[in-house]
Amino acid sequence: MATAKENILSRIKQALETPVPLPFDEPDENVALFARPDESLAVLFASAFTGLQGNFVYCENASHLPRLVKELITLKNWNKVYCENKEWKLFMTEQSLPLTNDLAGCEVSITDCELLIARTGTMVLSSAEQEGRTASVYAPIHICIASTHQLVFDVKDALESLQQKYGAALPSFISFASGPSRTADIEKTLVTGVHGPKEVYCFLVEG
């Protein structure tokens with residue numbers, strides 16, 4: 001007499017031998033799931049990013065960026081800023097801004113990014129950048145510096161762009177971050193800053 005386990009395995013085997021046809025047509029991979037709107041990718045990203053509690057700052061050109069970042073650091077009175085980007089470290093040293101090499105004890109980190117996904121308001125980060133794996137997620141506050149040429153419309157476009165850039169040598173760590181970290185696991189109450197930064201700023205530079 002067959003056991004319950006044997007009966008279950010037998011039924012699974014029979015089901016696999018006679019597959020059930022899909023109740024819908026096979027999807028066409030060449031057809032986009034989301035229609036691209038008429039508005040610019042920068043506007044679309046800003047809307048999605050701020051809707052997820054991110055802080056968005058637009059810079060008309062690269063020359064305005066250092067001043068805006070300095071103003072933010074001064075306004076927020078941050079005393080421990082972590083950054084691995086050589087140009088930004090030099091700028092902060094020249095401006096006597098509070099730079100620290102201690103990631104574990106910093107208040108805010110400044111990083112670059114791979115791409116920005118406009119539809120979802122997402123920053124694409126990777127271990128191939130100068131900051132590595134931890135700077136964007138370890139610090140309580142994250143500042144991301146990006147350019148408009150890094151904007152793509154959707155996740156599919158981002159994955160294709162990374163594939164073209166790195167080929168078979170993709171970074172070992174790729175992260176998709178949309179605003180501050182959040183969870184609603186506890187009594188369905190949304191809490192931010194649980195598993196990552198509680199505040200996220202994105203400076204988008206035209207160019």
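Author: S109 has H142 of β7 standing opposite. The model is a predicted one, in which local features need pLDDT of at least 70 and side-chain atom pairs count only at pLDDT 80 or more, while totals for chains, interfaces and linings use all residues. Residues are numbered from 1 along each chain as its sequence is written, and side-chain values use heavy atoms, with hydrogens and water left out.

Reader: Which strand holds S109?

Author: S109 lies in β4, residues 108-111. Helices (H or I, at least four residues) and strands (E, at least two) are DSSP runs numbered from the N terminus. The protein chain has six helices and twelve strands.

Reader: Why is S109 called buried?

Author: Buried means under 20% relative accessible area, exposed over 50%, and partly exposed in between (1.4 Å probe, protein chains only). S109 has 0% relative accessibility and therefore counts as buried.

Reader: Which residues does S109 contact, beyond its neighbours within four places in sequence?

Author: Contact means heavy atoms within 4.5 Å. With those neighbours left aside, S109 is in contact with Y82, A135, S136, A139, I141, H142 and I143.

Reader: Which way do the residues of β4 point?

Author: V108 and I110 point one way from β4, S109 and T111 the other way, and all are buried. In a regular strand the side chains alternate between the two faces of the sheet.

Reader: What makes β4 and β7 a pair, and in which sense do they run?

Author: Two strands pair if DSSP finds at least two bridges between them. Four bridges join β4 to β7 (residues 141-147), and the two strands run parallel. β4 also pairs with β2 in the parallel sense, over three bridges. In that pairing, V81 has V108 of β4 as its bridge partner.

Reader: In which order do the strands of the open sheet lie?

Author: Four strands form an open sheet in the order β8-β5-β6-β9, with mixed pairing. Its edge strands are β8 (151-152) and β9 (174-177), each of which pairs on one side only. Within this sheet, β5 (residues 115-117) and β6 (residues 122-126) run antiparallel and are joined by three bridges. I117 stands opposite T122 in β6.

Reader: Why is T122 called buried?

Author: The relative accessible area of T122 is 5%, so T122 falls in the buried class. T122 sits in strand β6. T122 and A48 are 74 residues apart along the chain, and their C-alpha atoms are separated by 8.3 Å.

Reader: What is the phi of N77 and of S96?

Author: N77 has a positive phi of about 60° although it is not a glycine. S96, also a residue other than glycine, has a positive phi near 60°. Most residues other than glycine have a negative phi.

Reader: Where are N77 and S96, and why are N77 and S96 called exposed?

Author: N77 is in the loop between α3 (65-76) and β2 (81-83). Its relative accessible area is 54%, so N77 is exposed. S96 is in the loop between α4 (86-94) and β3 (99-100). S96 counts as exposed because its relative accessibility is 65%.

Reader: How does the radius of gyration of the protein chain stand against that of a compact globule?

Author: The radius of gyration is taken over C-alpha atoms, and the globule rule is 2.2 Å times the number of residues to the power 0.38. A compact globule of 207 residues would have a value near 17 Å, but the protein chain has 22 Å. The C-alpha trace spans about 80 × 40 × 40 Å along its principal axes.

Reader: How many of the residues of the protein chain are buried, and how many of its contacts join residues at least 24 apart?

Author: Of the 207 residues, 37% count as buried. Among contacts between residues at least 6 apart in sequence, 70% join residues at least 24 apart.
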